[in-house]
Structures are given as C-alpha cells and as structure tokens.
Amino acid sequence: MFDLSRVRRLPPQSAKARPLVGAAAALAVTLPHALGIGLIAFAPFAQMMPVSVLALWSAALPGALMTLFARARGVVYAPSTAVALLFGGMLTLVMKAGAGQGITVGQALAITGLFVALGFFMQWLIGRARLAGLARFIPLSVTQGFSAGVGLSLVLTQLHSAKGAGAWLWQPGLVWHVGIACLVLLMSAVLQRLWPRFPSLLMALLLVAVPALWLAPSGLLQMAATPHDLMLPPLPDWLDAPWWTVIRQAWVPLLTLSLLMAVVNGLEVLVFHQQLESEHGVRASPDEVLRRESALSALCALFGMIPASTSTSRSRTALAYTGTPTVRVGQWHALVMLAVALSGHLWLHWLPLAGLAGVLVMAGFRMVPAEMWHGPQNAIQRTAWWQSWLVAGLFAIAGGAMALMAGLAVSTMVLLRTSGAHVIRRMYLHGELRSRHIRRAETEAWLAGRMSRVAVFELQGILSFGVAALVVDQVRRHLAGRQCVILDTSRVPSWDETGYARLHTLARELQEQGIALLVSGVRGVHEQAMDDLHPFSDMDHALEWAEEQLLLQYPLEVGLADPAVSQLGDLGEDMAEQARLALERVMVSHHYPTGALIIRSGDQDRRLMLVQEGLVTLSTAESAGKGLRLASIGPGVVFGEMAFLNGIARTAYAHADAGGARVCTLEWNTFKAWSKEYPEAALGFMKQLARVGIRRLGDTSQQLRAALE
C-alpha cells in the first residue's frame with residue numbers, strides 16, 4: 001500500500017450544492033436572452049402573432065425535453081445565440097421565398113424546421129463518425145476565450161440596442177433606460193458581494209423593475225412583451241406548405257445555413273463539455289453527447305421551435321452558484337421555464353426591457369473567466385492570456401466559428417514556435433562526438449583535430465512544416481567550415497510531408513556546396529520516405545561513415561591508406577626488435593569469415609586479441625548484426641584486455657565484420673613466459689596496454705557526458 005498521508009489533497013469545490021439557487025441564477029439569464037433572440041428569430045411573424053409567445057415556448061419546451069432525456073450534471077439546456085440567429089435567417093429566407101404563395105406561420109415553421117433538423121442531423125453525423133473527440137485538442141486558452149466571447153457578445157448586443165431604448169439618440173426615454181440598466185448592474189454587484197450564494201441577478205431585476213414602473217413617466221419605458229392571452233405555440237403545417245417553391249428558390253442558402261449551424265453549435269457544445277471536465281471533473285464521451293443532443297434538437301426543430309442545446313452562459317452562471325455540478329439545476333431550470341411560458345402573458349408586459357438588458361450585461365461580464373481579468377504572472381500565462389482575449393474579441397465581433405478558427409490558428413503557430421525553439425536538443429559543433437570505431441592512436445589523434453568539420457544536431461519532437469523550417473534555418477547558420485552535417489532523428493516520432501520536402505531541399509542545397517547531409521535514427525515508414533538520402537540506423541554508424549570519409553582525404557599525410565602494421569600494432573611501439581619478434585612468434589593468427597563469432601560473453605579465457613585485417617564488431621547479441629553495437633575494432637587495435645589482465649569473464653560478443661577479419665591472439669601464460677625472458681620489453685608492453693585502456697575510458701566518459709547533457 002502507498003502512504004498517501006503526505007500526498008497533498010485538493011480542497012473540495014463546494015461544501016454543499018444549491019441547485020435551486022443555481023437554477024434561479026440561470027433563469028435570470030435565460031429569460032431576457034430567450035426574449036431577445038426570440039424577437040430576432042421570429043421577427044417575420046411580428047405582424048401575425050405575439051412573437052414573445054414563440055420565444056418563451058422555444059426557450060421552455062426544448063430545454064425541458066433535453067433535460068428529461070439528456071440528463072447531464074452541470075448542464076443547463078436552452079437555445080443558444082448562434083442557433084437562434086441562424087434559425088431566424090432560415091425563417092426569413094423561407095418567408096421571402098413563399099411570399100407569393102401566401103405562406104402561413106405553420107407552413108413557414110414546417111419548411112424551416114426541416115432544414116434546421118437537417119443541420120442537426122449533420123451534427124449527429126459528426127458524433128457518429130467519432131470526430132467530436134478532436135475537441136480535446138482545443139487548447140485551454142481557446143476554450144476560455146470562447147466562454148469570454150459568449151459573454152462579451154451579450155454585452156455588445158445590449159450596448160448596440162441602447163439598453164432597450166432602440167437607438168442612441170438623446171431623449172428622455174434613453175436616460176430612463178440607461179439608468180434602469182445601470183441600477184440593475186449596481187444592485188447585482190452589491191447583492192453578489194453581500195450574499196455570494198444568492199441569485200443576485202434575479203433579485204436585482206425585481207428590486208429595480210417594480211419601482212421603475214411606478215416612477216417612470218407613462219409611455220417612456222419599452223416593455224419585454226405586449227399584453228396577450230394565453231397562447232400555445234403553433235404547430236407546423238406539413239401538408240399544405242409550398243415545398244417546391246421555397247426549395248427551388250432558396251435551397252442553396254438554406255443548406256449552407258444548416259451546415260453552419262451544425263458546425264458552430266457542435267463546437268460550442270464540445271468546448272463547454274471540455275471545460276466541464278477540466279474544471280469540475282465531469283467526464284463524458286464527446287461523441288455520445290453530440291449524438292444525443294443532435295437527435296433531440298432535430299425533433300424540436302421538426303415541431304417548429306428553436307432547438308435547445310448545452311448553454312454555455314446559463315450553465316456557467318449556475319455553476320458559479322452551485323460550485324458542484326448537479327443534475328438538479330437543469331431540472332429546476334426546465335420546470336420554472338415551463339411555468340414562465342404558461343404565465344408569461346400575465347406579467348411579462350410589466351417588465352422593462354432595460355432591466356433585462358442590465359441583467360444580460362452583468363451576465364456577460366461574469367462569463368469572462370476570472371483568470372482573464374488578472375494580469376499574467378509569467379511568460380506561459382502571458383501567451384495564453386492574449387490568446388484568450390484574441391478569441392474572445394473575435395467571437396464578439398465575428399462570431400464563434402471565426403473565433404475558434406483564429407484561436408486554433410494562433411495556438412498552432414505558438415505551438416510550432418515553441419516546438420521549433422526546442423526541436424534541436426543539442427548541437428555538437430566542435431568534434432565532441434566520435435563513433436565507437438576504435439582505431440590506432442595516431443589515427444585517432446589525426447581525426448580528433450578534424451572532427452569539427454562534422455556538425456551533429458540532435459532533434460526531438462514532431463517535425464511538422466513550421467518546425468522543419470526552423471531546423472533548416474539553424475543548420476544553415478552553422479555551415480561555415482563544415483564538410484558533413486548529421487541530423488539525429490532518433491527522438492523524432494513523426495514527420496509530415498512538408499518536413500520531408502524541407503529535408504530534401506536542404507540535402508540538395510548542401511550537396512551543391514559540397515557538404516554531405518546524413519540522417520540517422522530513421523525507422524519504419526519514415527525510412528522509406530528518406531530512402532534516397534541513404535539514412536543510417538543510428539548516429540554511431542553515421543559518425544563512423546563521416547570519419548571514414550575524413551580519413552580518405554589525406555591518406556599520405558599519416559600513412560592511413562592500408563597501413564602495414566605488425567602483429568603487435570601500437571603495443572610494439574619502442575620495443576626492442578628481438579623482443580618484438582620473439583613475442584610475435586608465439587602469437588597465434590586466426591582468420592574469421594563474415595559474421596563469425598570470435599568471443600562469447602561469459603567466457604573465462606585469458607586471450608588478448610589484436611586485429612590484423614578487417615573489422616571486428618563488439619555487441620550485446622550473440623547473432624551478428626543484432627543487439628547494440630558497443631565498438632568497432634580496426635586494424636592494429638587490441639581488444640579483450642580486461643579478461644587478459646584480470647581473468648574476468650567476457651562482457652560482450654565479438655563478430656567478424658563484412659569481408660571477414662584476421663585476428664592474432666596472445667595467451668596469458670604465453671605472455672608470462674615471454675616476460676621472464678624480456679622483462680624490460682614486458683614492462684613497456686604493459687604500459688602501452690594501460691594507455692590503450694585509459695584512452696578508451698576517456699572516450700567512453702566523453703560519450704557518456706555528451707549523452708547525459
């Protein structure tokens with residue numbers, strides 16, 4: 001069992017949920033919002049019937065249906081602004097197209113409802129195709145900006161309508177309307193500070209609206225509705241509607257608006273459910289949410305009402321009071337809205353429109369997340385902060401779809417810029433890295449002064465189009481004095497087509513300058529895409545190739561063109577000829593074909609190995625070509641010295657490389673017998689062997705330090 005006593009526990013979000021209080025707070029937003037968007041959406045019916053009737057029933061019945069069959073914690077269902085405005089646009093097109101046929105309210109609702117239902121069917125297809133899960137890739141800054149944009153759009157809408165006065169013209173009515181709206185704002189702020197868990201918006205509206213009716217001069221205040229008797233919503237007339245006439249004239253714009261409704265409403269629903277999960281831990285399948293809401297919304301549209309869906313403004317308002325997401329909030333909200341629809345004709349005409357405007361302004365400001373009102377504390381918060389405000393501003397000006405696309409575009413650019421800043425994990429420009437190919441001391445010394453001609457770049461992350469361009473720019477800045485560039489992509493999980501194209505362009509550019517481009521660590525499908533670049537399996541093989549190319553440049557300078565070496569190689573340096581010849585006579589020469597096993601890990605023999613011809617590969621696998629390559633031993637170089645000196649078991653496997661290898665061996669007992677006859681030469685032999693071990697240990701330490709860095 002784990003000891004959880006030291007684990008920091010997160011505080012509970014709320015001691016006690018207050019669903020009725022949350023529902024009342026949401027209702028204070030739903031009522032003015034429903035009336036406002038209803039008046040716009042059903043404006044073509046203004047001369048035929050009281051539009052407020054349709055607005056109230058569209059806010060009540062679809063929300064009640066969604067609450068009954070789409071139960072979700074923390075969610076309040078109501079018509080959204082985008083859906084209502086698109087519904088109104090479709091209704092206007094239908095009324096214009098059917099004007100010559102004397103189209104009625106029921107007939108217009110039938111045709112409009114069909115195209116609205118078609119839009120929600122498209123939304124259902126998005127969920128059915130499991131594309132809704134892509135919303136999880138939307139950054140938090142975008143979702144916060146989306147919520148703030150909903151709130152700011154409420155504020156700007158009320159300011160545009162002059163707080164219910166109709167226009168910003170100096171008149172006595174304007175003073176009263178602005179005063180009432182500001183008084184509602186002030187009263188709501190005071191009540192919120194005094195009683196944080198009290199539905200301040202609703203109470204502020206009542207406390208201001210009632211005195212205003214008595215104090216304001218008669219005829220100056222615009223009311224929320226006109227007096228009328230109780231009316232039920234009209235049913236769509238499916239049989240007598242002029243289908244062919246309307247579809248022939250307006251099917252293209254109607255279909256376009258349907259598709260736009262599916263995209264905008266679907267994104268708004270998914271964004272809020274993502275916030276609900278991140279802020280309150282309420283998890284739900286986004287595809288299931290979209291399918292469930294789409295089916296119910298399409299049914300509401302077929303009955304001629306504005307479909308309801310997850311309402312960001314009402315849900316966030318309710319959550320601000322309840323703290324803990326609960327199903328009860330939506331149920332209370334739906335029940336009260338049904339009561340409002342039934343009784344609205346009795347009291348709605350006594351409610352000043354300016355008071356409702358003040359409620360929406362306050363609700364809009366409260367929709368902006370608290371983090372956006374505070375200044376950012378660090379660079380990461382600063383980036384997210386201005387992204388959120390950019391999305392919010394575009395939402396308020398251009399709508400949700402444009403804001404979301406802009407937010408995603410900005411987030412993608414910031415992500416690419418951040419990824420590009422860290423895509424190069426490390427650069428080796430001064431010959432710090434060497435391959436595991438072990439050569440003679442003089443060869444290694446010659447290479448050490450020339451490895452700075454090889455630039456190595458370790459890459460990490462996804463090499464997409466923008467990131468690949470930044471890599472190319474970095475490489476171009478460090479080409480002075482280079483003959484080879486190695487890109488290690490072992491930490492790159494994915495490329496895209498633009499990344500491939502950038503890499504091939506860089507390869508051609510470097511080739512024109514006489515610089516070789518090597519790509520290492522490429523595997524799978526990426527290796528096939530870069531086959532013409534001759535990719536290497538790992539950076540060690542790429543470094544080995546670069547070293548061999550450097551050695552071919554000046555073979556006469558150090559005698560590297562197939563140098564003739566004695567059987568002792570570097571170990572015979574400064575040794576007397578008689579002693580050297582005596583030792584060479586007791587050494588045994590063996591020839592191993594390609595891939596032959598020379599030594600086995602775990603063996604206890606005390607033989608010293610000296611490579612005479614070819615290459616020998618030390619690895620961790622018994623089969624040749626498998627496992628991790630530990631070293632590649634060239635002519636004149638010794639290996640197996642630890643077992644020779646200490647008698648410990650072999651720690652690796654040795655195989656003859658391509659073309660085979662000739663190896664001379666020296667037994668420990670044979671060496672001891674020789675050393676008794678030539679003690680001075682034996683001491684020099686041991687010194688040279690110690691130098692080989694020290695040099696290899698230094699190389700290993702340098703490689704380890706480079707890897708750790």
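Predicted model: local features only at pLDDT ≥ 70, side-chain atom pairs only at ≥ 80, totals over all residues.
I take a contact to mean heavy atoms within 4.5 Å.

**Entry: the whole chain**

I counted elements first. The chain has 25 helices and 13 strands. Of its 709 residues, 50% count as buried. I then looked at sequence separation. Among contacts with a separation of 6 or more, residues 24 or more positions apart account for 81%.

**Entry: helix 4 against helix 8**

I looked up how these two helices pack. Their axes are 8 Å apart, at an angle of about 35°. The crossing is right-handed.

Which residues meet there? From helix 4 I noted Ala-110, Ile-111, Leu-114, Phe-115, Val-116, Leu-118, Gly-119, Phe-120, Met-122 and Gln-123. From helix 8 I noted Trp-243, Val-246, Ile-247, Trp-251, Leu-254, Leu-255, Ser-258, Leu-259, Met-261, Ala-262, Asn-265 and Gly-266.

**Entry: Ala-117**

I stayed in helix 4, where Ala-117 is found. Is Ala-117 buried or exposed? I get a relative accessible area of 9% for Ala-117; the cut-off for buried is under 20%, so this residue is buried.

I then asked what Ala-117 touches. Leaving aside residues up to four places away in sequence, Ala-117 touches Ala-298, Ala-301 and Leu-302. Ala-298 lies 181 residues from Ala-117 in sequence, yet the two C-alpha atoms are 4.2 Å apart.

**Entry: helix 9**

I listed the buried residues of helix 9. They are Pro-286, Asp-287, Val-289, Leu-290, Glu-293, Ser-294, Leu-296, Ser-297, Ala-298, Cys-300 and Ala-301. What covers them? The cover includes helix 2 (51-69), helix 4 (105-128) and helix 8 (243-280). It also includes strand 1 (77-78) and strand 2 (309-310). Just after helix 9, I found Gly-304 with a positive phi of about 80°.

**Entry: helix 2**

I checked helix 2 next, as part of the cover on helix 9. Its 19 residues should span 27 Å at 1.5 Å a residue. The end C-alpha atoms of helix 2 are 28 Å apart, which agrees. I find 15 of the 19 residues buried, so helix 2 is largely enclosed by the rest of the structure.

**Entry: helix 1 against helix 3**

Here I looked at residues 19-41 (helix 1) and residues 81-97 (helix 3). The two axes come within 8 Å and cross at roughly 20°. Angles under 35 degrees count as roughly parallel, so I log helix 1 and helix 3 as roughly parallel to each other. Helix 1 passes helix 3 in a right-handed crossing.

The helix 1 side of the contact is His-33, Ile-37, Ile-40 and Ala-41. These meet Thr-81, Ala-84, Leu-85, Phe-87, Gly-88 and Leu-91 in helix 3.

I also looked up Lys-96, which sits in helix 3. Lys-96 is exposed, with a relative accessible area of 64%.

**Entry: Arg-130**

Phi of Arg-130 is near 60°, a positive value in a residue other than glycine. Where is Arg-130? I place Arg-130 in the loop between helix 4 and helix 5 (140-160). Arg-130 is exposed, with a relative accessible area of 62%.

**Entry: Gln-381**

I found Gln-381 in helix 14, residues 379-398. Its relative accessible area is 36%, and Gln-381 is partly exposed. Gln-381 and Ser-141 are 240 residues apart along the chain. Their C-alpha atoms are separated by 9.4 Å.

**Entry: cysteines**

How many disulfides does the structure hold? I find zero. Cys-182 is partly exposed, with a relative accessible area of 39%. Cys-664 is buried, at 0%.

Technical notes:
Residues numbered from 1 in each chain as written. Heavy atoms only, no water. Buried < 20%, exposed > 50% of the residue type's maximum accessible area, 1.4 Å probe, protein only. Helix = DSSP H or I, 4+ residues; strand = E, 2+ residues; numbered from the N terminus. Disulfide = S-S within 2.5 Å. Axes fitted to C-alpha atoms, helices over the stretch in contact; angles between N-to-C directions. Parallel < 35°, antiparallel > 145°, perpendicular 65-115°, else oblique. Left-handed = near helix turned anticlockwise from the far one by under 90°. Expected span 1.5 Å × (residues − 1).
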